[in-house]
Amino acid sequence: MPLSHAQLRSFHAVATQGSFTKAAQALHITQPTLSGQVKALEQRYGVKLFSRHGRRIELTDLGRSVLAVTRPLFDFEARAEQILLSARGLTAGHLRVGADSPYIITPLLARFRRRYPGIDISIQYGNSEQVMQWLKGGACDIAVVPNVPPEDPRLHALALGAEQLVLFVGGAHPWHARRSVALEELAGQRVILREPGSRTRAIFQRALAGRGVELADKMEISGREGVREAVAANFGVGVISESELAGDARFRALRVSNADLTHAEFAVCRKNAKTVRVTAAFLDLITEQMESQQPPSART
């Protein structure tokens, strides 16, 4: 009996999504069905592809070896599907996006949806490290993250412009009336930090190290919204991209007067997928938008 394509697809979805729940949602099947297919694959060959630790799962060494084969397999399958779809125009397909924040990607996706209403769009959010893992594992087609490593030959990246990190405080904080602070002043404050893997945290910590500043009082909270709510409740000082505070009257943004916290945002895809019709259409839209924002003298 040949290898079951459905079972292999279920394994690949769990391996790239990192959970049975997300994999079932991505494949539009029930979780018991997906779990049964993965279990049947393991039982058929008498192997263990995942180690299960409560709700958390990890690939076994054998599972990682199988994933190395299924990644190109399903990449080629997706490319074949997009070639067939493109023959009748860009009226169907699926764009999967991973992002570390909704603020940059949402307007781009809204414009893409207006241009290609027949394309299904799905998006998942995580910290920058998680999003890049999803992209490299094939769980998303496009990643929107800051500061992509330029030396990675597997990736194709388009710059989306510069973002500025700022400090921010709640209404009852003593700094609420100020416009800027020096990094050294944070030594006497409680600072609310994102979880490890966040590029916001990494950029900020590099700036602290560059000035020789050590934080005596740190509070770590997972997720951007958790940090925002902690700052709103006056737990301490947070760090965030300036554009993400727009319109929220609860906070006061504070520029850092003695450090450059500018960072670039990028839309990234795997190099071997940049010519896939739906992915290429999204990249073309980004290029158009970036060119439209340049002054006439800067356009070629």
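Throughout these legends, contact means heavy atoms within 4.5 Å. The model is predicted, so local features need pLDDT of at least 70 and side-chain atom pairs count only at pLDDT 80 or more, while totals for chains, interfaces and linings use all residues. Residues are numbered from 1 along each chain as its sequence is written, and side-chain values use heavy atoms, with hydrogens and water left out.

**View 1. The surroundings of Ile142.** Beyond its neighbours within four places in sequence, Ile142 is in contact with Leu95, Arg96, Val97, Gly98 and Leu135, and also with Ala267, Val268, Cys269, Thr279, Phe282 and Leu283.

**View 2. The largest nonpolar core.** Such a core is a set of buried (under 20% relative accessible area, 1.4 Å probe, protein chains only) Ala, Val, Leu, Ile, Met, Phe, Trp, Tyr and Cys residues joined through side-chain atoms within 4.5 Å. Among its 23 residues, Leu95, Ile105, Phe112, Ile142, Phe282 and Ile286 touch the most other members. Two or more residues each come from β3 (93-99), α5, β5, β6 (155-170), β12 and α9 (277-292); helices (H or I, at least four residues) and strands (E, at least two) are DSSP runs, numbered from the N terminus. Helix α9 gives the largest share, seven residues.

**View 3. A second core.** Here you can find Leu186, Val191, Phe204 and Leu254, which belong to a separate core of 21 residues.

**View 4. The largest cavity.** A cavity is a set of points on a 1 Å grid over the protein atoms alone where a 1.4 Å probe fits but cannot get out, and lining residues have an atom within 4 Å of a point. This one has a volume (the space filled by probe spheres set on the points, joined across faces, edges and corners) of about 80 Å³. Of its 13 lining residues, Asp100, Ser101, Ser241, Glu244 and Glu265 are the closest to the centre.

Technical notes:
1 Å grid on protein atoms, 1.4 Å probe; cavity = no way out; pocket = protein on both sides within 12 Å on 5 of 7 lines; lining within 4 Å. Buried < 20%, exposed > 50% of the residue type's maximum accessible area, 1.4 Å probe, protein only.
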